[in-house]
Amino acid sequence: MLHRLLFLPLLAAAATAQLDVPEGGARKKADPPTGGIDLPSRGGKNAGTGLDPGTLPPPQETPPPAPAAGPIQPEAAAAAGAVLDELRELENPDDPRAFRAADTLLGLGDAGLSAARAALFSEDGAAVVVGGRVLLVAGSEADKNRVVERLRGKLPLRAVNPLLNALSERDPTRASPAFLIELLDHPQGATRGAVQRLLAPRVDASMLPLLTARLRSSRSDTRLRALELIATSSDPTVMNVLVDRLGDPTAKVAWRAAQLLARMEGDEVESVLLANAFPGAPLDRKHSYALLALIEREDRTAGALIGDERIEELRVRMASTNPLIAGSSAAALAGVGFRSAGSRGMTWLDREVPHELVRHVSGELFHTDFSALQEPTLRRLALISGQSFGNDGAAWQSWWVASFEGFHAHRAVIDVRPEEVGTLEVTYKTGPPRHEVLRFSGPEPRRVSTAEPQLGRRIFLSRAACSDLIARLEEEGVFGAGRLPGSRIGVEGFARELEVRVGDQGKRFRLPPEADPLPTAADDVWFQRVTTLLDGLDDRNRWQRYAAPHQHATPRDFWLAEHAWWELEHTEAERQARLKALVMAHLAGVRTFDRGPGIGELERLAAEAALGAEDFRGVIALLNDESYYSERVRRLIALAVRAASDAGPEHPVGEGARLLPAELAQDLVDVITGRFGDEAAERLTEVFEASDPELIRRAATDERPVLRIVAAATLANSPTPEDVELLKGLLNDPDEAVEAAAVLAFAENDLHDADTEVFFRARIASPRVRTAALRAVGILGGEGAVDVLVAGLADSNQMIQVAAAEGLADLADPGSAALFVSMLARGKDSVYFEPARRGLLALGEAAWEELLRASTSAAEETQREAALLLAEQGVPDIASTLISILSSNPGDGRVGAELAILTAVDFREDADPALAWWNWWDTVVHDDALAWFRAACERRGLATPSAEDLSGEGTMNAALFLVDVMGRNESYLVERARRELSRLLGHDLGKLPARGSMRDAWRDELRDRIRNRKWDAGER
């Protein structure tokens, strides 16, 4: 109903023109200060929410009485009451309608001010805000004081931020720092949070005394917010304030002080923290939180602040019965032992420290400082354990119970002794999109706890290979203190991981995915070099992936049997031949659904010309093992074709291509036909196309129908007169499937040698053949095609009717537009619906008139589908119809999506999307959808081509611009750019690939096609 408020200013003007305001006050002294208006009761929500001025509560400190007002006209009172009544419909005080309501009240003069005073003290969030905004703009000093007092009291949650912002913007004097800092101790958390956000950008030295006073509040949240505000100041006294708060009785405040100190700049901070963490006197909570601040600072800077000289003192403190002292000391010891170069003898790092840390992270010891200790102890436990259980206390407990006997903590320094070279283990977990785990193991692997997951692919290394890898890792500093392990990201999400172990020593690095590096990742070039080295080592040992299960009991047995040969010098051809033999044996021994990697290896060998005639029979044998047609079968057929093509003499059928020898091609055809029948017809076509033409001609008379069907499609590709005659013969084949295939072969290859026969069968034939013929007529076209297809629509057989409709869609005759619209009107459940949509889209502009007529239909579904079809084609006239449809059905997601694409603005997340689009509609031209798209691009700072360049067939630069837009995040703009580019290029680009590398590659290929295309407008 708020749209009526747009007309209220006119009413207000008429009402205020009749006001007779006397010089003196007109109200009795006992009346509440509402401004002198008696608003009519409107019932509903307002009756119980305080919007009636007669129930206005007094402020905490009663401001001066409101200015007296004279009689208020009933029309103005009614208008003001309507505004208050309508405000209850609003959920969001920042809704544009709330601002319009405020404007209306302002236009009503005294009546509006009186209503605003009532609204200010209601319990409705939007009303409170509207009332406050009006009083701050046009109210008296007393009115503005009312707003201040309202902020001191309890407010509806939705009103807090907008009312506080309104006071800050309109009356900075009243919204002074002193007043805001006073509100920092407000009973409502929402108010405290809003005040903190307002103060944060403007804290200066003059405000520090007031903020420091708030640190004495009994409310811990107030102390916390005051502390955070103080920390934003660069005043030198801030450090002392933060240090003092390390002893705060509430853990979250003390821990926040520790975090803030850990982030402060300057060496002086470290000296002060060390002095407080190690006081040399009885310990209290302040000293423990100073130690936590040092731990936090060490972890943030990857530096060492607590040295080995503190070990004994910390071990004594770790034995304390106070959980805060014990936990902070254990976390500090974890860091000291982790960094120490002499850590081999530190048994406490393998026993007491992890045991204490597990007690804290698991929740076994629950105490008031648990929340502050959890984060640093969890981080340090993950550091020395290499595990990532997050805050799953039960998982940490289970891990420690299973691991503590043989546990050895990770260290920053790995000291490699000669006798330990063979124990090298390197685990590399790749990031997206590979998501692969590689585990490199020396010949003397350590005993692995049953609690440690053994994921990924293992690559065995000889002692010599381990020695070489250790040397490379040492060159990169992986074993030294200069490469501190740890996590550069949280425990959630994808990551790249590198873990190196030698004997009982280990280090683990965890970095962001390569495609999404953090800003601090610039110094991780060493990590890239190491992972490149490991990828190369994996590639050189790819033979280890293809053990024959029936020949070797374990992968290690396979490695022991083979590795000596692979470590000797051999030619590349010799290595390829041996690898191929291993792969073929592997494929023959594994289950068919495990063959994917081995088939991929054969494809790689084929690409390197390492697959030949000698492999043809082996691939055929693999095909014979497959029990059903699948992607594996398609890949094996392609490999068989590749192998067979190198077995016969060369034929000049294409650059570098060879024809399959007839004998091998026939064997392959027989296997495919015998094993997979009709399912593999497409692959049979590929085999015939790669073989001697005589083979396909023989297939046209073969007794197997599937071969005759394939022959029909293949012969029609580039037929000789002899082939055409064979095709005509197949039109009279006794098998209906063959006859239907021959009919379609003529049409799909645009052969008009048998039009009479095809048209005849479209009228008189078995249903199967007639269905194919009707589709063929639609493709071939010509005189009488429409009549034949319309006759098909009248047939009693629904299959024939649908085929006729599909044929009409293929024919795209402009005269069919009305017919297609009538089909569309039958609704989505009709079998004609999709052919009708396809036909109308194929007709393009020729169908717009009929679709525009249908978009005004009384049948809602017909109207909607017609409007959507026009929107897909970028017809601007239909935008208002779509907005109307959305007004009636706000939940119609498809209409909302098409509106966003067509208009190039997206209001779907607004409280009232249809209203937002109507408001937009009132500000733009109505007949130029391209202008809407260009405006959207310009608003984003894009170098948008002119309307001329984007019109018609466009220019190269305009096309390239559209490809760039398709790389943006706004899906509706991406789709609009796809449609515009399809229009410029004259064909539909099809569905966009998924975001990421696939879409990027697709766009790169599209750019190349655009640059290589001939443009009428030249290079523009």
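**Aromatic rings in a predicted model**

Reply: A start on the rings: R1013 holds its charged end over the ring of W1015, 4.4 Å from the centre. Keep in mind that this is a predicted model.

Me: Which residue lies over the face of W565?
Reply: That is R578, at 4.4 Å from the ring centre.

Me: Switching to ring pairs. How many aromatic pairs are there?
Reply: The count comes to 18 aromatic pairs. One of them joins F509 and W526, with ring centres 5.1 Å apart.

Me: Why is the F509 and W526 pair edge-to-face?
Reply: Their planes meet at 70°, so the pair is edge-to-face. The cut-off for that label is over 60 degrees.

Me: Where do F509 and W526 lie?
Reply: F509 is in strand β6, residues 505–511. W526 is in helix α23, residues 525–540. The pair therefore ties together parts that are 17 residues apart in sequence.

Me: Is F509 buried or exposed? And W526, buried or exposed?
Reply: F509 is buried, at 2% relative accessible area. W526 is buried too, at 6%.

Me: What about W920 and W921?
Reply: Their ring centres are 6.2 Å apart and their planes stand at 40°, so that pair is tilted.

Me: Are those two buried or exposed?
Reply: W920 counts as buried, with 10% relative accessibility. W921 is buried as well, at 9%.

Me: New topic. Which residues do ring pairs link into a cluster?
Reply: F389, W396, W399, W400, F404 and F407.

Note on methods
Residues numbered from 1 in each chain as written. Predicted model: local features only at pLDDT ≥ 70, side-chain atom pairs only at ≥ 80, totals over all residues. Heavy atoms only, no water. Phe/Tyr/Trp six-rings, centres within 6.5 Å; stacked < 30°, edge-to-face > 60°. Helix = DSSP H or I, 4+ residues; strand = E, 2+ residues; numbered from the N terminus. Buried < 20%, exposed > 50% of the residue type's maximum accessible area, 1.4 Å probe, protein only. Lys NZ or Arg CZ within 6 Å of the ring centre and 35° of its normal.
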